[in-house]
Amino acid sequence: MARWCYRHRLVVLLVWVGALLGLGVAASGAGTNYANVFSLPDTDSKRAYDLMEKAFPERSGDTDTVVWKVGEGSVRDDSVRSRIEPALEEIGRMAGVGAVSGPYGEQGAAQISEDGRIAYAQVTFAEQADAVPKELVQDVVDTAQDAEREGLEVELGGQAITRVQEPPTGTAELVGVLAAAIVLFVAFGSFFAMLLPIVVAVFGVGTGLFGTQLISHVTDVPELASLLSTLIGLGVGIDYALFIVTRHRRGILRGADPEEAAVTALNTSGRAVLFAGGTVCIALAGMLVTNLRFLDGVVIGTSLTVVLSVLAAVTLLPALLGLLGHRVLSRRQRRRLAAAGPQTEAVSGLAARWSAGVQRRPRTVAVVAVALMAALAIPLLSLRLGTVDQGNDEASTTTRKAYDLLAEGFGPGFNGPLQVVVDGEASDGLVTVLEKTDGVAAVAAVPPANGVSVIQVVPTTSPQDVETDRLIDTLRDDVLPEAGVQGHVGGVTAVSKDFATVTGDRLPLFIATIIGLGFLLLLLAFRSLVVPLTAAVMNLLAAAASFGVLVAIFQWGYGLELLGLGKEGPIAAFLPIIMLSLLFGLSMDYQVFLVSRMHEEWVHTRDNARAVRVGLAETSRVINSAALIMVCVFLAFVLSGDYGAAMAGVGLAAAVALDAFILRTALVPAVMHLLGKSNWWLPAGLEKRLPHLAVEPGEDAPEPEPVPGGPSSVVHGFVRAADGEAVEGAAVTLLTSGGRQLDRVVSLADGAYIVAVPAPGTYLLAVTASAFGSRAAQVTVADRPLVHDVELTPGEVDAVN
């Protein structure tokens, strides 16, 4: 497939461009039909909602609020009314506004605070918030705030108002892509190579979003799905292309033709990308076990985007590689390749030194890493799930100011009233009992409609206060049963509490499901019980630490001002499921890319220490680059203007950073050094029954001369100077007796090398390094790995060479 896409690159490119434009035109014509419906079956708030639907079957549009406050006097003063009433009348005449109910009519006395300094009016639009044109909302905001004067403050709140104070759509995505481009340019040193992952991600995310938009017309897809699809699609799309392009460039530097390098890259890293994308989709599908049906649309949207991002990486990317040819390398690399010929990229510098350091002190590295992750996880003990509202908005926004004014004038609970719903007529005694309940500020009974009575209860505490949750429990467990009434407690605050409770109850099953599926996948991939078990423990550790960071920032308030966000509050109840799905999928990606290289080395040498050292040295740079890109993309969503999106972005950025920079780079290799050969243990009975799954087959080596006698093997050892110091960057070449090169590598920072032997026999091993003489020797390899250390002396030329 890779070869076909490479050779028919223009056809593939036109198909992808046509798909993107076609889906875009279709989605634009059809519009969006997102359904933000939270269904919580078998909960008290859902039963209250069903009765409310029976009482008030007609569905009005979104209701927003205009709030004003005077510095002196009263809102009833003529000087205030003469400015506010004309503004409200003008708003009422706007096309798209259904009604405006102000405080100055016969029924409006309750809309003025007791001290007379704060009042509000309710603006009801003809449509729900998402369908109200932004131009209309902006006209309402401008008209209301034009009534301001010195000593008269006017603010607006509500879902429709929130839309006009958000940054322009695409700001967060653009900033994230620009940050990723900088990281890619530093990693590749080539403008064209930098563009490849971004172009692939744009096609994957674009087709995914347009597809999700079209699917919203045939099934319930919440608007949250588009945000998360963009978030995860940009991250995995850029990362997957990064892995493939890195392998492709390495092949060209080794002297391969660009087409062969692309085919090899897709047949190695491309397979790993398919496996990694599958693990992300499986982790996302784990949300289905929670039985929260509104998450079904999230699973559909995000999984579709991931699948299309993977498809773009394995079809569009080889076509683009065919268009670029050698230009995927930097100019310096192309000049060096032309002048010096093929070369092997040296695994040296910080990556090699760190890998050798982890091998020398695995216990120290493991203890420090575990202590750091445990310290970050401590705040998790105080985790409280809830919902975010406009009280969490940034202090300078009009929605936050309106929220605070309503709380000041009418009490903190006014922003989240409860609804006690009774099937039948509620007695006056029930209203009296409710009024006397601790934690209740005000009670107002609505006239019965269609045989249903609704009593509005205003708590004394804010919607996010833990005391409000206790009041809901008191009403359900004590007040209503003691009053002999079959009533239910509903309202946005009660729905939020029930959602948090249901999420918390189903979280253990969800975590067990995705960990179990991940365990089975890694068991098949690496044929080991210890590797997947280690990965499961690491994933739990990463989840605990990242949620600890989330609690410290958003629940305790540390750093919120630095991030330019609003007020602290509970963690959004939907976030644990969403975040754990993405975290487990992404961390599995890094585990696959890291351990697959270690496993390949282990299969060749049966030397665990060497396998872990070489695997970490050769993959840590690309894993860290990929993680840095994801962190940039996720953190950019702080600029989205959506508090929930910012919370998800910060949480995922922290999770990826901790997972890649601490767990995969330090703790995983340290633990694998400590476990030794036990890492690769698998009972013989299970070994026979497990199907074989090759995640990333080795690259095709040059065709060796046939040497009969058994399977392939390796020669490995260390290159050292006469004083015992390791020689880094020495070229180690394995040749046939006729002088044909079979394999060529460069020694690592600790002097280690390994060359592949096609079959048992006698070969020539030549070693050269600057500042040293050349040395060569004949080596006879049987059917087992051969250890052969080389000592170099300055100025010496070996006779055999």
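Predicted model: local features only at pLDDT ≥ 70, side-chain atom pairs only at ≥ 80, totals over all residues.

Reader: Fine. How many cavities of 30 Å³ or more?

Author: Three cavities reach 30 Å³ or more.

Reader: How much space lies in the largest cavity?

Author: About 60 Å³.

Reader: Which residues line the largest cavity?

Author: Thr279, Ile282 and Ala283 do, along with Ile514, Leu517, Gly518 and Leu521. Phe584, Gly585 and Met588 complete the lining.

Reader: Which elements give two or more residues to that lining?

Author: Helices H10 (258-285), H18 (492-526) and H20 (575-605).

Reader: And where does the largest share come from?

Author: From H18, with four residues.

Reader: How do the lining residues divide into nonpolar, polar and charged?

Author: Seven are nonpolar and three are polar.

Reader: Switching to strands. What is the order in the open sheet of four strands?

Author: The order is E13-E12-E15-E16. The pairing is antiparallel.

Reader: Which are the edge strands?

Author: E13 (741-746) and E16 (775-781). Each of these pairs on one side only.

Reader: How far are neighbouring strands turned against each other on average?

Author: By 20 degrees, direction ignored.

Reader: Zoom in on E12 and E13. How many bridges join them?

Author: Five bridges join E13 to E12, which covers residues 731-735. The two strands run antiparallel.

Reader: What is the bridge partner of Thr733 in E13?

Author: Arg744.

Reader: Now helices. At what angle do H9 and H10 pack?

Author: About 155 degrees, and their axes are 8 Å apart. H9 spans residues 224-253.

Reader: Why call H9 and H10 roughly antiparallel?

Author: Angles over 145 degrees count as roughly antiparallel. The H9 and H10 axes pack at about 155 degrees, so the two helices are roughly antiparallel to each other.

Reader: Is the H9 and H10 crossing left-handed or right-handed?

Author: H9 passes H10 in a right-handed crossing.

Reader: What about H9 and H21, where do their axes stand?

Author: The axes of H9 and H21 (residues 608-635) come within 9 Å. They cross at roughly 155 degrees. H9 and H21 are therefore roughly antiparallel to each other.

Reader: Left-handed or right-handed for H9 and H21?

Author: The H9 and H21 crossing is right-handed.

Note on methods
Residues numbered from 1 in each chain as written. Heavy atoms only, no water. 1 Å grid on protein atoms, 1.4 Å probe; cavity = no way out; pocket = protein on both sides within 12 Å on 5 of 7 lines; lining within 4 Å. Points joined across faces, edges and corners; volume = space filled by probe spheres on them. Nonpolar A, V, L, I, M, F, W, Y, C, P; charged D, E, K, R; others polar. Pairing = 2+ DSSP bridges. Axes fitted to C-alpha atoms, helices over the stretch in contact; angles between N-to-C directions. Parallel < 35°, antiparallel > 145°, perpendicular 65-115°, else oblique. Left-handed = near helix turned anticlockwise from the far one by under 90°.
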